[in-house]
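Subject: Structure for you to look through

Hello,

Here is the structure I promised to pass on. Please open it and keep it beside this email while you read.

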Amino acid sequence: MNAVPQLVSAPIDLKDPSVYGHLTHETLRFGDVDSNGHINNVAFLVLFENARVSYFVQHLKFMRARGLSSVVAHLDIDFRRQMFYPGTVRAGARLIEVRRSSFVLGQAIFDQDGHCAAAGHAVIVAYDPASGRGQPIPDEVRRDLVRIAQSPTGVSTS
């Protein structure tokens, strides 16, 4: 019997746009400007969310098709640069680690000059809606997640 990997974690520089096979293109809004004249912290989280949800829809849809639900359990973000309106940005998301009942996405936002404005992580927990509790990730789903995490850009190569 083949052992199912329990953990995948490789050194990935989340501040490097080339590690993201999935990047969204976003337009900064005037409503995102704070009293200091730059894009506010909540807008950064929304940009992360847009990239994360888009990543799920395009690259991890097999999870839901196999009956596995998930919820965000933890978010962290390191603000690296200010961003200003008007402007456009790219927001990246990629799978970087697979655990027993959760996995970790690495994320970053790149300003219109290509500089990393923020980087962080989202811990996603496999969730059983019937019990309202976390659950182990099934082996067949874990195998696919590990394969994606191990790919150079965090997207499926098949």
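In which strand does serine 102 lie? Serine 102 lies in strand E4. Please bear in mind that this is a predicted model.

Leave aside its neighbours within four places in sequence. Serine 102 is then in contact with Val123, Ile124, Val125, Ala126 and Ile137.

Now move to one of those contacts, valine 123. Valine 123 lies in strand E5. It is buried, with a relative accessible area of 13%. Not counting residues up to four places away in sequence, valine 123 touches Val71, Val72, Ala73, His74, Arg99, Ser102, Phe103 and Val104. Aspartate 16 is 107 residues from valine 123 in sequence. In space, the two are 20 Å apart, C-alpha to C-alpha.

The cores

In soluble globular proteins, nonpolar side chains tend to be buried together. Here, the largest nonpolar core has 35 residues. Leu60, Met63, Met83, Leu95, Phe103, Ile109 and Leu145 touch the most other members. Six elements each supply at least two residues of this core: H1 (41-59), H2 (61-65), E3 (88-98), E4 (102-110), E5 (116-128) and H3 (139-150). Helix H1 gives the most, with seven residues. There is also a second, separate core of ten residues. Its members include Leu14, Cys116, Ala119 and Val123.

Look at leucine 95 in the model. Its contacts, leaving aside neighbours within four places in sequence, are Tyr55, Phe103, Val104, Leu105, Leu145, Ile148, Ala149 and Gly154.

Helix H3

Does the length of H3 agree or disagree with what its twelve residues should span? At 1.5 Å a residue, the helix should span 16 Å. Its end C-alpha atoms are 16 Å apart, so the two agree. The buried residues of H3 are Val141, Arg142, Asp144, Leu145, Val146, Ile148 and Ala149. They pack against H1, H2, E3 and E4.

Aromatic pairs

A pair of aromatic rings is described by the distance of the centres and the angle of the planes. A search of the whole structure finds four such pairs. Two of them are described here.

Phenylalanine 44 and phenylalanine 79 form an edge-to-face pair. Their centres are 5.1 Å apart, with 80 degrees between the planes. This pair links distant parts of the chain. Phenylalanine 44 is in helix H1, phenylalanine 79 is in strand E2 (residues 69-79), and they are 35 residues apart. Phenylalanine 44 counts as buried because its relative accessibility is 2%. Phenylalanine 79 is partly exposed, with a relative accessible area of 42%.

Is the pair of phenylalanine 56 and phenylalanine 103 stacked or tilted? The ring centres are 6.0 Å apart and the planes are at 40 degrees, so the pair is tilted. It also links distant parts of the chain. Phenylalanine 56 is in helix H1, phenylalanine 103 is in strand E4, and they are 47 residues apart. Phenylalanine 56 and phenylalanine 103 are both buried.

The largest pocket

Phenylalanine 56 turns up again here. The largest pocket has a volume of about 250 Å³. It is lined by 14 residues. Phe56, Met63, Arg64, Ser70 and Ile124 lie nearest its centre. The elements that give two or more residues to the lining are H1, H2 and E2.

Loops and a few other spots

Most residues other than glycine have a negative phi, and most peptide bonds are trans. The bond from tyrosine 85 to proline 86 is cis, with omega near -5 degrees. Proline 86 is found in the loop between E2 and E3.

Aspartate 113 lies in the loop between E4 and E5. It counts as exposed because its relative accessibility is 61%. Aspartate 113 and glycine 87 are 26 residues apart in sequence, and 10.0 Å apart in space, C-alpha to C-alpha.

Last, find glutamate 49 in helix H1. It is partly exposed, with a relative accessible area of 40%. Glutamate 49 and alanine 93 are 44 residues apart in sequence. In space they are 9.3 Å apart, C-alpha to C-alpha.

Best wishes

Terms used
Residues numbered from 1 in each chain as written. Predicted model: local features only at pLDDT ≥ 70, side-chain atom pairs only at ≥ 80, totals over all residues. Heavy atoms only, no water. Core = buried A, V, L, I, M, F, W, Y, C linked by side-chain atoms within 4.5 Å. Buried < 20%, exposed > 50% of the residue type's maximum accessible area, 1.4 Å probe, protein only. Helix = DSSP H or I, 4+ residues; strand = E, 2+ residues; numbered from the N terminus. Contact = heavy atoms within 4.5 Å. Expected span 1.5 Å × (residues − 1). Phe/Tyr/Trp six-rings, centres within 6.5 Å; stacked < 30°, edge-to-face > 60°. 1 Å grid on protein atoms, 1.4 Å probe; cavity = no way out; pocket = protein on both sides within 12 Å on 5 of 7 lines; lining within 4 Å. Points joined across faces, edges and corners; volume = space filled by probe spheres on them.
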